[in-house]
Amino acid sequence: MTGRAQILAAAIGPAVLLALGTTLTAAPAAAPAGHIERIDHRDPVSAPSRGPAGALVTIEVFFVPGSGMPVGALRLLEQLQDRHPARIRLIYRVLKSGSSLLVPSAALEAYTEGKFFELMDELGKQRGVLKMEDLVELARRVGVDPQRVAVASRNDHYRDVLEANQHRFERLHGGATPSALFNASPSKVALGTITAADLDREYEAAYEHALDKLDRGFAPDQLVAAFDNDAIRAPQPVVMSVVGDDDDRSPLDHPLATPPLRLDRLPSLGKPGIAAAVPIVLLCRPNDPACANLLRVAEPAVRLYPEDVRVVWAPWFDVGRDDAAELTLLGDATLCAEAIGSNQGELTTSPGWVWVKEMYAQVARGRGKKVTGAQLLDDVSAKLDVDTRALSACRARRAGATLTWIAEARRSGVPRSNAAVVIGGRIYSGLSDPTLILELVEAELAPGVLGSLPGWHR
């Protein structure tokens, strides 16, 4: 091939040359008359957007599409992007409302078919709750396949995308929805009441922030990750521990567990096979109903940071209690449930974690009534269909394992208390505030934890 031919090939592409070659070498047979309709398809993992990927200001608007979406604010955001087309990237992060997936799924299906903005225009004109037949008609009106809309909603086709958007919103501390984030920072004015002047101020501040990052040596393609990292709450929050009368420590003193607590073979929640950067250890009395709430408080950290966080349960009580023998029985049974396997949950839950959750659920059903340890053990075993013979054999082999673990934890510095939480190796007695727990986790992970976010397509 001559140099000119090579330039021509590079300019028009091999597909066109092939087509030309075919035309010149042989005349094709007459094709039957027909109709070809071009349907755009976009990767559903990416997000609807306006503006260049390399823009210095990225505005992410998180909202639930439908009759209640912030139409006026969306219009103002689009006008702002129109005034600065090279500097602003406007990204639409679709969220679901509770268990309602109908309209969000339709919006993402419309995006996949290249009709997102057309459907948004139609949704903005609607009032009241949309039913499936209404949505199908709207889809048909804007050129979206109504059958695919119905299937997407019925089969929860875009669940992963919706959950990823929700996780990103929570990890960036977006506040209440709907919300607009300028370079990963929430706007100072709520989106529902925001004005064009407010948006101009937010844009100018975000643009100046981006220029500052460039001056400090960040490359343009590093800005998104840099702003994500800035969004993390790195400062260590102030936490007051519960201190006993016989403890001379300050409530602000949170010692490191030394030596580190032994966490192997304990019930846990988190992605299997990962070395968690920040383990959250919940030290709880096996029959304490308040511990069920502590589990619920800690679980969202795993959902938000699945690659970095693991929650571990450990038996904890004062061995001098009158019911210490009963609590030891329950603790040993829980450790054995972890060992022999009783997992009826998801892959992220270890067998013992399933046991722990059911154990506290059984305690709650008692509504304050005294239930013996033996009865509680039998009830949990029956509910989870555990091999009781294998469980009994394990308990015989590992009798007193709970007391051994508690003794080791006491030597590591865990004080006598009803419950304690260990985050990043530091001991917090009586901690149960979900916001503080999340802030402590993020302080341990910072900086750069948001780099573990899914690979966001800009």
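# Reading this fold, one feature at a time

Q: Which residues does I59 touch, not counting residues up to four places away in sequence?
A: Contact here means heavy atoms within 4.5 Å. With residues up to four places away in sequence left out, I59 touches L77, L80, I88, R89, L90, I91, A180, L181 and F182.

Q: Before we go on, what kind of model is this, and how are its residues numbered?
A: It's a predicted model, in which local features need pLDDT of at least 70 and side-chain atom pairs count only at pLDDT 80 or more, while totals for chains, interfaces and linings use all residues. Residues are numbered from 1 along each chain as its sequence is written, and side-chain values use heavy atoms, with hydrogens and water left out.

Q: How many helices and strands does the chain have?
A: Helices (H or I, at least four residues) and strands (E, at least two) are DSSP runs, numbered from the N terminus. By that reading, the chain has 17 helices and 10 strands.

Q: Of the residues of the chain, how many count as buried?
A: Buried means under 20% relative accessible area, exposed means over 50%, and partly exposed is in between (1.4 Å probe, protein chains only). Of the 458 residues here, 45% count as buried.

Q: What share of the contacts with a separation of 6 or more comes from residues 24 or more positions apart?
A: Such pairs account for 75% of those contacts in the chain.

Q: Which residues of the largest nonpolar core touch the most other members?
A: The general idea is that in soluble globular proteins, nonpolar side chains tend to be buried together. A nonpolar core is a set of buried Ala, Val, Leu, Ile, Met, Phe, Trp, Tyr and Cys residues joined through side-chain atoms within 4.5 Å. In this chain the largest one has 55 residues, and I59, L123, L135 and F182 touch the most other members. Helix 4 gives the most to this core, with 7 residues. Apart from it lies another core, of 47 residues, including V239, I280, L282 and L445.

Q: Which residues in helix 5 are buried?
A: In helix 5 (residues 116–123), they are F116, L119, M120, E122 and L123. They sit on the same side of helix 5, because they cover an arc of only 160 degrees around the axis. That arc is the one made by the directions from the helix axis to the C-beta atoms.

Q: What do the buried residues of helix 5 pack against?
A: They pack against strand 2 (57–63), strand 3 (88–94), helix 4 (102–112) and helix 6 (132–142).

Q: What order do the strands have in the open sheet of 5 strands?
A: Two strands pair if DSSP finds at least two bridges between them. The order is 6-8-7-9-10, with mixed pairing. Strand 6 (268–269) and strand 10 (426–429) are the edge strands, since each pairs on one side only.

Q: How many bridges join strand 7 to strand 8?
A: There are 7 between strand 7 (residues 278–284) and strand 8 (residues 309–315), which run parallel. L282 stands opposite W313 in strand 8, and L283 stands opposite A314 there. As a general point, side chains in a regular strand alternate between the two faces of the sheet.

Q: How many residues of strand 7 are buried?
A: 6 of its 7 residues are buried, so strand 7 is largely enclosed by the rest of the structure.

Q: Where is L391 found, and which residues does L391 touch?
A: L391 is in helix 15 (residues 388–397), and it counts as buried because its relative accessibility is 2%. Leaving out residues up to four places away in sequence, L391 touches A333, C336, A337, I340, W355, L377, S381 and V386.

Q: Which residues does a cis peptide bond join?
A: Most residues other than glycine have a negative phi, and most peptide bonds are trans. Here, a cis bond joins T177 and P178, with omega about -5 degrees. P178 lies in the loop between helix 8 (159–171) and strand 4 (179–182). Another cis bond joins T258 and P259, with omega about 0 degrees.

Q: What is the phi of D156, and what is that of A184?
A: D156 isn't a glycine, yet its phi is positive, about 55 degrees. It's in the loop between helix 7 (146–154) and helix 8, and at 24% relative accessibility it counts as partly exposed. A184 has a positive phi near 70 degrees and belongs to the loop between strand 4 and strand 5 (185–186). A184 is buried, with a relative accessible area of 5%.
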